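Please look through the structure shown below, and keep it in view while reading the report that comes after it.

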Amino acid sequence: ALAITDNNNMFGVFEFSQECVRNKIQPIIGTSINFLDVVVNNKISQITFLVKNEIGYKNLIYLSSISYLNKDSDIGITIKDLENHSEGLFCFLGGEYNPIMILHNENKNTDEFINKLKKLFNENLLFELQRINDTEIDSFENVLIQKSNDFNIPLIGTNNIKFGEQDEFSAHDALLCIAQKTTINNGTRKTSNNQIAFKNNEEMLELYSDIPEIIENNFNVAI
């Protein structure tokens, strides 16, 4: 199985699904949407959703659409928007825009926020580990694992794919330079890394072999 979770849009869903079916891969539809209730120093957090069934697909279309309809703020949703629109969806938190990590790094309490989401999504709330050679994400991993234990929330492991092969790293890095209107020599710019290339089943199993429950939880999401 393979999931698509483009940022703040679902434009690639149809073509992605076609290609997956053509290659005998189960497509999982999803998206990551800005979460406007947690914004720190202009860094907007994100929540990622995966579709479980037809009801979830309709709810995700609603959430994706409404994220663009607030004229008074940035693209995104709030906790209130999730009310009555959480059924049929997995909701998971992780990566560089993880709202829990952003709150934690600002020494703010995260428990109330976690409880609100757990009330909305119940067993469909997941915490996401990414092992992509990112210093901030790596330093928060043990905290997230502890929160997972404290709140009895399953852990999943993902790979934040940005390009297909590791040797495409330089090309992706150049694209980031273009997006930031800067040059490769700029030491303060956002950079790419070769750990966000596509990883196959064997590589993913090895990456999370120290936490066996992640493999089982990933499988349960894909069923």
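The report below takes up strands, aromatic pairs, salt bridges and a surface patch in turn.

This is a predicted model, in which local features need pLDDT of at least 70 and side-chain atom pairs count only at pLDDT 80 or more, while totals for chains, interfaces and linings use all residues. Residues are numbered from 1 along each chain as its sequence is written, and side-chain values use heavy atoms, with hydrogens and water left out.

**Strands E5 and E6**

Helices (H or I, at least four residues) and strands (E, at least two) are DSSP runs that are numbered from the N terminus. Strand E5, residues 125-130, runs parallel to E6 and is joined to E6 by 4 bridges, where two strands are said to pair if DSSP finds at least two bridges between them. Within this pairing, leucine 129 has glycine 157 of E6 as its bridge partner. Strand E6, residues 155-158, is covered on both faces, with Leu155 and Gly157 buried on one side and Ile156 and Thr158 buried on the other; buried means under 20% relative accessible area, exposed means over 50%, and partly exposed lies in between (1.4 Å probe, protein chains only). Together with helix H6 (residues 135-151), strands E5 and E6 make a right-handed β-α-β unit, right-handed meaning that, with the strands pointing away from the viewer, the path from the first strand over the helix to the second runs clockwise.

**Aromatic pairs**

The structure holds 2 aromatic pairs. Rings of Phe, Tyr and Trp (its six-membered ring) pair if their centres lie within 6.5 Å, and planes under 30 degrees apart count as stacked, over 60 as edge-to-face and the rest as tilted. The rings of phenylalanine 35 and phenylalanine 113 have centres 5.5 Å apart and planes at 40°, so this pair is tilted. Because phenylalanine 35 lies in strand E2 (residues 27-40) and phenylalanine 113 in helix H5 (residues 111-121), the pair ties together parts that are 78 residues apart in sequence. Phenylalanine 35 and phenylalanine 113 are both buried. The rings of phenylalanine 49 and phenylalanine 121 have centres 6.2 Å apart and planes at 40°, so this pair is tilted. Phenylalanine 49 belongs to strand E3 (residues 43-51) and phenylalanine 121 to helix H5, 72 residues apart. Phenylalanine 49 counts as buried because its relative accessibility is 0%, and phenylalanine 121 counts as buried at 2%.

**Salt bridges**

Side chains of opposite charge can pair when their charged atoms come close. A salt bridge is a side-chain nitrogen of Lys or Arg within 4 Å of a carboxyl oxygen of Asp or Glu, and the whole structure has 9 salt bridges, including those in the table.

| Salt bridge | N to O distance |
|---|---|
| Glutamate 136 and lysine 43 | 3.3 Å |
| Lysine 190 and glutamate 96 | 3.5 Å |
| Aspartate 210 and arginine 131 | 2.7 Å |

Aspartate 210 lies in the loop between H8 and helix H9 (212-222) and arginine 131 in the loop between E5 and H6, so their pair ties together parts that are 79 residues apart in sequence. Arginine 131 counts as buried, at 16% relative accessibility, and a network of salt bridges links Arg131, Glu141 and Asp210.

**A surface patch**

Tyr68, Leu69 and Ile75 make a nonpolar surface patch of about 310 Å². Patches are made of residues with over 30% relative accessible area and no salt bridge, like charges being joined within 9 Å and nonpolar side chains (Val, Leu, Ile, Met, Phe, Trp, Tyr) within 5 Å. Tyrosine 68 counts as partly exposed, at 43% relative accessibility.

Methods
Accessible areas come from the Shrake-Rupley method with a 1.4 Å probe; for residues, only the protein chains shown count as cover.
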